[in-house]
Amino acid sequence: SPAMRRVLELARSVADTDASVLILGESGTGKGVLAKAIHGWSSRSNENFVTVNCPGLSGELIASELFGHIRGAFTGATENKLGRVDQADGGTLFFDEIGDFPIAMQPKLLRFIQDREYERVGDPVTRKADVRILAATNHDLAGMVAEGRFREDLLYRLNVITLELPPLRDHPEDIADLARRFLFRFAESYRRQAREFSPEAMDFLVRYGWPGNIRELRNAVEY
């Protein structure tokens with residue numbers, strides 16, 4: 001659809017730069033898929049694409065998860081551990097649902113994005129990493145800044161380029177193609193004979209509002 005084509009054209013045009021990209025959109029619109037596509041279109045495509053799942057980060061261990069730690073840095077640190085930054089060196093680091101990144105840790109993240117410098121927990125040695133930063137959220141980050149729940153300077157660093165994925169209800173002309181693609185994919189996965197949707201079924205799919213967006217459509221077709 002024209003709405004999706006505009007997003008993809010802009011994504012392709014910035015993929016081979018090192019500019020930070022912030023991907024906005026409702027849950028289920030494909031933000032993670034687009035982030036992987038940007039990585040795949042870039043000159044870093046042969047390097048690692050590493051995801052940081054921000055809602056799943058523990059407040060106590062977030063620095064270790066992100067930057068790594070050395071043995072003895074804290075109770076339970078029985079060996080050296082590489083962080084997500086180390087794993088992504090040379091490639092792309094994707095912060096999924098960046099709006100859930102703890103505000104207490106945002107200054108350290110800001111410093112890393114600005115200078116690409118960090119220290120592993122328990123280690124005073126400053127290291128550098130060459131990573132491309134992508135982030136995504138379904139939160140209103142500007143509103144969170146106004147409420148003091150997200151740093152404004154971090155937002156500026158993240159949204160050098162902003163891509164906004166439309167909800168599925170705003171581009172229903174894509175539903176039929178998506179549904180058929182999922183149908184054949186799951187038929188192959190479950191070793192079933194792939195069939196076509198009846199006209200009545202397809203009419204229902206196209207007219208339904210899909211509050212869960214593409215993820216809901218995918219799950220419905222799999223079911």
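Helix α8 passes α9 in a right-handed crossing, meaning that the near helix is turned clockwise from the far one by less than a right angle. The model is predicted, and local features need pLDDT of at least 70, side-chain atom pairs count only at pLDDT 80 or more, and totals for chains, interfaces and linings use all residues. Residues are numbered from 1 along each chain as its sequence is written, and side-chain values use heavy atoms, without hydrogens and water.

The axes of α8 and α9 come within 9 Å and cross at roughly 120°, with axes fitted to C-alpha atoms over the stretch in contact and angles running from 0 to 180 degrees between N-to-C directions. In the contact (heavy atoms within 4.5 Å), Ile175, Ala176, Ala179 and Arg180 of α8 meet Met202, Leu205 and Val206 of α9. These residues comprise six nonpolar, no polar and one charged.

In α10 (residues 213–222), Asn213, Ile214, Leu217 and Val221 are buried (under 20% relative accessible area, 1.4 Å probe, protein chains only). Down the axis of α10, the buried residues fall within an arc of 110°, so they line one face of the helix; the arc is taken from the directions from the helix axis to the C-beta atoms.

Turning to helix α5 (residues 106–115), Gln106, Leu109, Leu110, Phe112 and Ile113 are buried. Their arc, seen down the axis of α5, is within 165°, so they too line one face of the helix. The elements covering them include α3 (62–67), β3 (92–96) and α7 (152–158). Just after α5, Arg116 takes a positive phi of about 55°.

Terms used: Buried means under 20% relative accessible area, exposed over 50%, partly exposed in between (1.4 Å probe, protein chains only). Helices (H or I, at least four residues) and strands (E, at least two) are DSSP runs, numbered from the N terminus. Ala, Val, Leu, Ile, Met, Phe, Trp, Tyr, Cys and Pro count as nonpolar, Asp, Glu, Lys and Arg as charged, and the others, Gly among them, as polar.
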